[in-house]
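Please read them with the structure open.

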Amino acid sequence: MPMTDALLASVEQLFSLATLVSMMIGVMAGVIAAAIPGFTITMAIVLALPVTFTMSPLQGVATMLAVYVGGGSGGLISAALLGIPGTPSAVATTFDAYPMARKGEPGRALALGIWASFFGALISAVVLIIAAPPLALIAVKLGPWEYFSLILFAVTVVASLVGKSVLKGLMMSLLGLFIATVGQDPMMGVPRFTFGIDVLAAGIPFLVMLIGIFAVSQLASEVENPTETKQGKALVGGKMHFQPFGVMREVLSRPGNLLRSSMVGVVIGAVPGAGGSIANLIAYDQAKRASKTPEQFGTGIADGVVASESGNSATAGGGLIPMIALGIPGSAVDAVLMAALMVQGVSVGPRLIMDNADLVYGMFLAMFLAAGMVLVFCLVSMRWFIRITEIPKSVIVPVVLVCCAIGALALNNRITDLYLLVGVGLVGYLLAKLDYPLAPLVLGVILGPIAETNLRRALMADENWTLFFTRPISAMLLLLAVLSVALTVRRLLKQRRIANS
């Protein structure tokens, strides 16, 4: 089918009333699901899958893309207003959006995140159209050596998250790596580090860890003062302002940060198995390194929110690159999208764009349309979401705690996960009180299993460990990791010199 005919056919299908309505419902479902701590974008996509069986292929995949793009922005809401990342891809958003909200600017924090997500999704859609085939060819050439080197590079992000004490930050990241090893060996299936405790036999699920560390410990700190709780004090005081169009100019005044963070999201999203949980941390780290005032990151500045939200939203387009070009899913969400197409009888692979050009062009257009719908829905509904911060702590804390428990239980349907949730939450609360940074701990838990699995795969495939240094992409990533550490040490020494003088 000629390109013009395919494009017109996709426009006709996409802009039908039924498709527009189902996409709008998908956007709303994605935003709301991702805003609830413990409910991931993957869960929302899986729940939406059966609904699409009766739709046409383009309507079905456009609806699921709407859920996907909506979910990319939904995690921002709880991250900014409650300090609890709604999804793993919103972890870095809490670093600056929540402090900004606590300073009496929850509307600005949300608006910054909404616009950054919108522009990040748009940039990723443009890259998807222009560079899908070449980027996909690079992504599929990555072996376990390159994956391990990529994770090693991501680990250097710890240097930006250590807070005031480098030693405490490193201790927390090592603790995270250790926690990731508890449970069954991922390749041999042998229990390890369970200490004979049944609750630990299946390991500590990442989401339970995330909810416990950020949500339970944060909620516990909110009710420390019983007098404030009895008086019905709200989470955030002061008058709420929401001026989205003024904030849009603020986001666009940071083109370098916006473009760099979005490209980080696209590239990380195109790497199968990486995804938004890594992209938002790396985008945040790179923004901090490039900033003239890195010491202000973590205090509630706009650059931190823009970097994190544009980075995680751009993974949506990046993840579609290997799927459309080669039939390889970039993440669990992309795998569900592939399943939806296969159920419809569409063969996903290198010939997808040749055999179903109208469907592929429709997916490109659906990305733009979904980004616009998310923007409109968020701008219209944010005034009501901000009202969450005016609810007394005595009401909001137990409600959020119940949502966290349901989210943790829904993950694997195991009661033992609730025990782990409480235990991890209490440990997180104590660590926060002792001024240990929690972000490196979570980073260790995220990256540990990926690094371990790929290191073992690489050594099982070939015992020659020098391949890590002789394969070009792996060597480049390792070089970037060394440069990243060297630049961080240089910055710390410079800060110490200035402080001493």
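1. In helix α7, Pro144, Trp145, Tyr147, Phe148, Ile151, Ala154 and Val155 meet Leu443, Leu447, Ile450, Ala451, Asn454, Leu455, Arg457, Ala458 and Ala461 of α21. Contact here means heavy atoms within 4.5 Å. Helices (H or I, at least four residues) and strands (E, at least two) are DSSP runs, numbered from the N terminus. By class, the contact of α7 with α21 has 14 nonpolar, 1 polar and 1 charged residues. Ala, Val, Leu, Ile, Met, Phe, Trp, Tyr, Cys and Pro count as nonpolar, Asp, Glu, Lys and Arg as charged, and the others, Gly among them, as polar.

2. This is a predicted model, in which local features need pLDDT of at least 70 and side-chain atom pairs count only at pLDDT 80 or more, while totals for chains, interfaces and linings use all residues. Residues are numbered from 1 along each chain as its sequence is written, and side-chain values use heavy atoms, with hydrogens and water left out.

3. The geometry of the first pair is as follows. Helix α7 (residues 144-155) packs against α21 at an angle of about 150°, and the axes are 8 Å apart. Axes are lines fitted to C-alpha atoms, for helices over the stretch in contact, and angles run from 0 to 180 degrees between N-to-C directions. α7 is therefore roughly antiparallel to α21; angles under 35 degrees count as roughly parallel, over 145 as roughly antiparallel, 65 to 115 as roughly perpendicular and the rest as oblique. The crossing of α7 and α21 is left-handed, meaning that the near helix is turned anticlockwise from the far one by less than a right angle, with right-handed used if the turn is clockwise.

4. Helix α4 (residues 57-81) packs on helix α5 (residues 93-102) with an angle of about 55° and axes 7 Å apart. The two helices α4 and α5 are therefore oblique to each other, and α4 passes α5 in a right-handed crossing. Leu76, Ala79, Ala80 and Leu81 of α4 make the contact with Thr93, Thr94, Ala97, Tyr98 and Ala101 of α5. These residues divide into 7 nonpolar, 2 polar and no charged.

5. α5 also packs with α10, at an angle of about 20° and with axes 15 Å apart. That makes α5 and α10 roughly parallel to each other, and α5 passes α10 in a right-handed crossing. The contact consists of Thr94, Tyr98 and Arg102 of α5 and Phe214, Gln218 and Glu222 of α10, dividing into 2 nonpolar, 2 polar and 2 charged residues. Thr94 and Tyr98 of α5 are also listed in the contact with α4.

6. Over the whole protein, the secondary structure comes to 23 helices and 2 strands. Buried residues make up 56% of the 501 residues, where buried means under 20% relative accessible area, exposed over 50% and partly exposed in between (1.4 Å probe, protein chains only). Of the contacts between residues at least 6 apart in sequence, 80% join residues at least 24 apart.

7. The largest nonpolar core has 142 residues, and Met23 and Leu320 have the most contacts inside it. Such a core is a set of buried Ala, Val, Leu, Ile, Met, Phe, Trp, Tyr and Cys residues joined through side-chain atoms within 4.5 Å. Helix α18 (residues 357-386) supplies the largest share of this core, 19 residues. Apart from neighbours within four places in sequence, Leu320 is in contact with Leu65, Leu128, Asp334, Leu337, Met363 and Met367.

8. Gly60 belongs to helix α4 and is buried, at 3% relative accessible area. Its C-alpha atom is separated by 9.2 Å from that of Leu337, 277 residues apart along the chain. Not counting residues up to four places away in sequence, Gly60 touches Thr52 and Met55.

9. Phe195 has a phi near 55°, a positive value in a residue other than glycine; Phe195 sits in the loop between β2 (191-192) and α10 (206-222) and is exposed, with a relative accessible area of 61%. Asp435, also not a glycine, has a positive phi of about 65°. Asp435 lies in the loop between α20 (416-433) and α21 (439-461) and is partly exposed, at 47% relative accessible area.
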